[in-house]
Each structure stands twice: as structure tokens, then as C-alpha cells.
Amino acid sequence: MCGIVGIAGHTPVNQMLYDALTMLQHRGQDAAGIVTCEGGRLFLRKENGMVRDVFHTRHMMRLSGNYGIGHVRYPTAGSSSSAEAQPFYVNSPYGITLAHNGNLTNADEISATLFKTDLRHINTDSDSEVLLNVFAHELQARGKENPTDQDIFEAVAQVHLRCRGAYAVVAMITGYGLLGFRDPNGIRPLVYGQRLAEDGGFEYMIASESVALTSLGFAVVRDVLPGEAVFIDMQGRLSTRLCAENARYTPCIFEYVYFARPDSTMDGISVYKSRLRMGEKLAQKILREWGQDHQIDVVIPIPDTSRTAALELANLLGVKYREGFMKNRYIGRTFIMPGQQQRKKSVRQKLNPVELEFKGKNVLLVDDSIVRGTTCHEIIQMAREAGARQVFFASAAPPVKFPNVYGIDMPAKNELIASGHSVEEVRQIIGADRLIYQDLADLIDAAREGNTAIETFDCAVFDGKYVTGDIDEAYLARLEHKRNDKTHGQETHKTVEIISDNAPVDMTGVKMEG
């Protein structure tokens, strides 16, 4: 899972890109990168780490230009090497930089043929580099010294024909403009907006979530449609085109459960309101299955994502809502951390109980989802140690039984606690006195109520139905091998690292800011 942003401005965009990436930091804390364009020159800074750590004053001063793109990364394919931080760059044609959120499900297949058929070299294991080279090849195949909007849209159409999976993309074509496009299923989010510049013209932003736009004073125009491309040329003219046949809306429902910020609106759906409805429907299920005498004294959320659902759940049950865990915000998300012991240690470092909210009470803990169960088990133990009489557990999402293949680095199937275990068995494993999950139909209704034009969602992590139609057992077996704790982090990679000692290094027209 990653966050992407592109800005076509009338003044330098370096600070705007930085600020937008901080608003998208929740989507990726592993690496960050920005590339800007001025006078046909590109200026690039990317490195492992949080946005605030990657970009210092000396870097920001060198990132000159009125057009630029940025990226924050969680590694879902390839490695955690800084060589795979984005944006990526290719010199031919024109000089193209690209940032990508999602995952290509046929990246290995394309990569194996790129050199033979397209005469292009792939330097990393990243599917984003594959996507960039496919687009670059298709644009070059137009054979134009000066590509038109039509040429660019035709190249995107060819990308849709060759690439499968999830991809939301921002790209810069040096000297020509800023491009954004989205896969034909609209799995990963992408939105664009505009604001009036001081000179009277419009500036444009394309980003993963609306909050990146609104925080910088851009008015949201709309979501980029599945299969659609948006292009802003160097004169500030915007054009759009649907570049894929049989495009359909099937956004990832897990965005609303967990990843997106609650103050974002995605595909016409308020993330905040969808989570309120998740809490409402979960409360209704508790009343149906546990009855009015549910014995819950207090509802406590597992911070942060579950707060909204937990608050509405408590209101409908008529019980107290309390903040029972204080969060250390300097510990990363635990479900992607390799190794059970590291995850357990991280949970204890990340959360600390407020004992007076637990002592002698029947506590309902609410989390957004249960993935491995490691976090739940540790938190339940912490609640008991804090004096809870009974500990109940509620998941705002249904049981996660299948791996995600569209850009979320969830564990292998055999590491998902709900895969192969009944609800009762999961309850025993995590050590809860009671356990309840959201029903999938209720989750879909909670999201879809915000935009009834969306008929289906990608719910593959819950029901195993992969919307691209190309995922079989062989693919999942290969994925499991890559993601298994025993092999995670042990891959070998073909990389060329550029090292600079606090000075710019010129590489094929791109300034690498050290």
C-alpha cells in the first residue's frame, strides 16, 4: 500500500508535494520520494524513511520546478532497498518519472518478456518499474517527436491491455505534462482537484486521497474513474479520457475498513461515515446474537482506526465508550512486521492500558480487523493484566481468510488466523471470552450506502473472489512463498544504488539529491 501525489502548479511545488505526502504518510512509512521538473530538467530525492526524515532543507531547495510527483511506500513487491523507493525514472522516451500504488498480478510475466520484445531493461524487482517501462514503450511506439494528448491516452490504453492487477498512477512526461490513471477495476483510489492560482489560472493535484487536496486548499473535482486517464499539459490545460473497455467500479473495501484516513472521501464515499455505519451494523449483530443482556460494561477501541466504529457501537448499545489504550505514535503498523516475536514486542511498545478503565469490568474491545491474531492476543492479555473481569472482542470487518494481491502486504494464507479456523477456534486462540465478527453483507452495505452507484467491491481478503479473474492456486502458492515469515526479507535483488555525499550527482538528466 502506498500514497501518491502529482501537482501541476504555477509556482514551485516542492513544499506542496512535501505537505501532501505528510497527509498521506499513513499509507506508507517505509520510504518517500519527490521528483520535480524545471526547464526540461528533473530533480529527484528519494530514500528510506518517513517524509520528515527523507527531506531536509538542502533537499527541498534543490527540488525546483512547478510540476512534480511524490510517493510514500510500504513495500508490497520487491524489497525494502532504497533503490526501490519511488518515483522511478526512464530516459526514453522524453524522460518519464512514475509513482504507483497497487500491485501488478502479471508483473513476472511482463518482466520476463520486456527485454526480448520491448528491448527494455528492468533494474529492480519492483512491479512499479515494470509498469513504467510498459507505459514508456507504448508511448515511444507512437513514434512522435512531440506526443499529443491522444498519443498519451493511447499509450495508457495499451497499458490497460498488457497489465493486470491494481494500479493508481501519477507520472510526469518531461516537458509535456502531468498524467494520472487508474486500473480498469478502480481497485486503488485516485482523485483530482484544482485551485485558483494568484495569476488567475488553475493549479491541479492528483492524489490517493481527498485529504491531500483539501488540506492544501484544492477543491476536489472528482475521483478518477476506473480505466480513466487525466492529463495536464505544461500550459495548464486539463483533458481526460476513458482508456479501457469494460471498465467497472470495484474499489478495495479494505480501504474503508483500515487504510484510508477517516476525513477522506473516496469514490464518493465518506470513510468516516462508512465506519460509523460499520459500528452501527456490528451493534445490531451483537444485540441479535448476544441479546439485550450482553453484559458489556464499557466499549474500548484499539487505536486508531477502530475509534469511529467503536463510538457508534457504544452509542447504540447504550454503554460507556472509553479510551483505554494510550498509543505510542512512533511504532509502525504491526501486521506487516516479519516475525511473531517482533510483532508481539511491538504491540507492547505501541499500546499501554489505562488500568482504571479495565479494573473489574466486562470490556468489549473493538478493532478494525483481525489478521494474524498476534495483536489481538497481546491486547487481550494486557486488558486482563489491567484487571478486566471479562474481555470480549469485536472485529469491524469479517474474518480475513485470503491474502491480498492488489497492493496490501498481508501475510501468507497459512498465517491468517481465520484461514482454517472457525470463529470459536479463533476466540480460543486469541484468548477472548467472546468474539464477534462483522458480516460481509453488512460491511458492503456500510460502504455502499455512501455511493449506491458502486455495485461491487473487491472483497477478496474475505471471500477469496479476486476481481481481476487471473488469480489461481499456483499464483497464491508463489505469493505465499514470498510472504512467508521464513523467507520474508531474504530475497536477492539486482539493483544499482546511487550514492552521493551530500552533493547532487547528474545521472542521465536527473539530479539525484543526496
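Reply: Gln 25 sits in the loop that joins helix α1 (14-23) to strand β2 (31-38). The model is a predicted one. Gln 25 counts as buried because its relative accessibility is 12%, and the cut-off for buried is under 20%. Beyond its neighbours within four places in sequence, Gln 25 is in contact with Met 50, Val 51 and Val 72. Val 72 is 47 residues away from Gln 25 in sequence, yet their C-alpha atoms are 6.6 Å apart in space.

Glu 209 lies in another loop, between β10 (202-207) and α7 (210-214). With a relative accessibility of 0%, Glu 209 counts as buried. Its side chain makes a polar contact of 2.8 Å with the side chain of Arg 27. Not counting residues up to four places away in sequence, Glu 209 also touches Leu 24 and His 26, among others. Further residues touched by Glu 209 include Val 191, Phe 259, Ala 260, Arg 261, Ser 264 and Met 266. Between Glu 209 and Val 191 there are 6.4 Å from C-alpha to C-alpha, at a separation of 18 residues in sequence.

Phe 259, one of the residues touched by Glu 209, is in turn in contact with Phe 254. Phe 254 belongs to the largest nonpolar core, which has 40 residues. Phe 254, Val 405, Tyr 406, Phe 457, Phe 462 and Tyr 466 are the members that touch the most other members. Two or more residues of this core come from each of α8 (254-259), α9 (271-290), α14 (440-448), α15 (460-463) and α16 (473-483). The largest contribution, five residues, is that of α8. Another core of 32 residues lies apart from this one, and Val 90, Ala 107, Leu 179 and Cys 243 are among its members. In soluble globular proteins, nonpolar side chains tend to be buried together.

Two residues in loops have a positive phi without being glycine. One of them is Asn 246, with a phi of about 60°, in the loop between β13 (238-242) and α8. Asn 246 counts as exposed because its relative accessibility is 74%. Asp 267 has a phi near 55° and is placed in the loop between β14 (265-266) and β15 (269-270). Asp 267, at a relative accessible area of 3%, is buried.

Cis peptide bonds also occur in loops. The bond from Gln 86 to Pro 87 is cis, with omega near 10°, and Pro 87 is in the loop between β4 (67-73) and β5 (88-90). The bond from Pro 303 to Asp 304 is cis as well, with omega near 5°. Asp 304 is in the loop between β16 (298-301) and α10 (307-317).

For a residue in a strand, take Thr 97, which is found in β6 (residues 96-104). Thr 97 counts as buried, at 2% relative accessibility. Its contacts beyond four places in sequence are Val 35, Leu 42, Ile 69, Phe 88, Tyr 89, Val 170, Ala 171 and Met 172.

For a helix, take α5 (residues 127-140), which has 14 residues. At 1.5 Å a residue α5 should span 20 Å, and its end C-alpha atoms are 20 Å apart, which agrees. At the start of α5, a side-chain oxygen of Ser 126 comes within 3.1 Å of the backbone nitrogen of Ser 128.

The whole chain comes last. The protein chain has 514 residues, of which 58% are buried, and its secondary structure comes to 16 helices and 24 strands. Among contacts with a separation of 6 or more, 70% join residues 24 or more positions apart. There are zero disulfides. The pLDDT of the chain averages 90, and 89% of the residues score at least 70. Residues 334-339 have a pLDDT below 50, and this stretch has 25 contacts in the model beyond near neighbours in sequence. Residues 486-508 also have a pLDDT below 50, with 45 such contacts. Where pLDDT is low, the predicted coordinates should not be read in detail.

Note on methods: Residues numbered from 1 in each chain as written. Predicted model: local features only at pLDDT ≥ 70, side-chain atom pairs only at ≥ 80, totals over all residues. Heavy atoms only, no water. Disulfide = S-S within 2.5 Å. pLDDT = per-residue confidence, 0-100. Contact = heavy atoms within 4.5 Å. Helix = DSSP H or I, 4+ residues; strand = E, 2+ residues; numbered from the N terminus. Expected span 1.5 Å × (residues − 1). Polar contact = N/O pair within 3.5 Å; in protein donor to acceptor, adjacent residues only side chain to side chain. Buried < 20%, exposed > 50% of the residue type's maximum accessible area, 1.4 Å probe, protein only. Core = buried A, V, L, I, M, F, W, Y, C linked by side-chain atoms within 4.5 Å.
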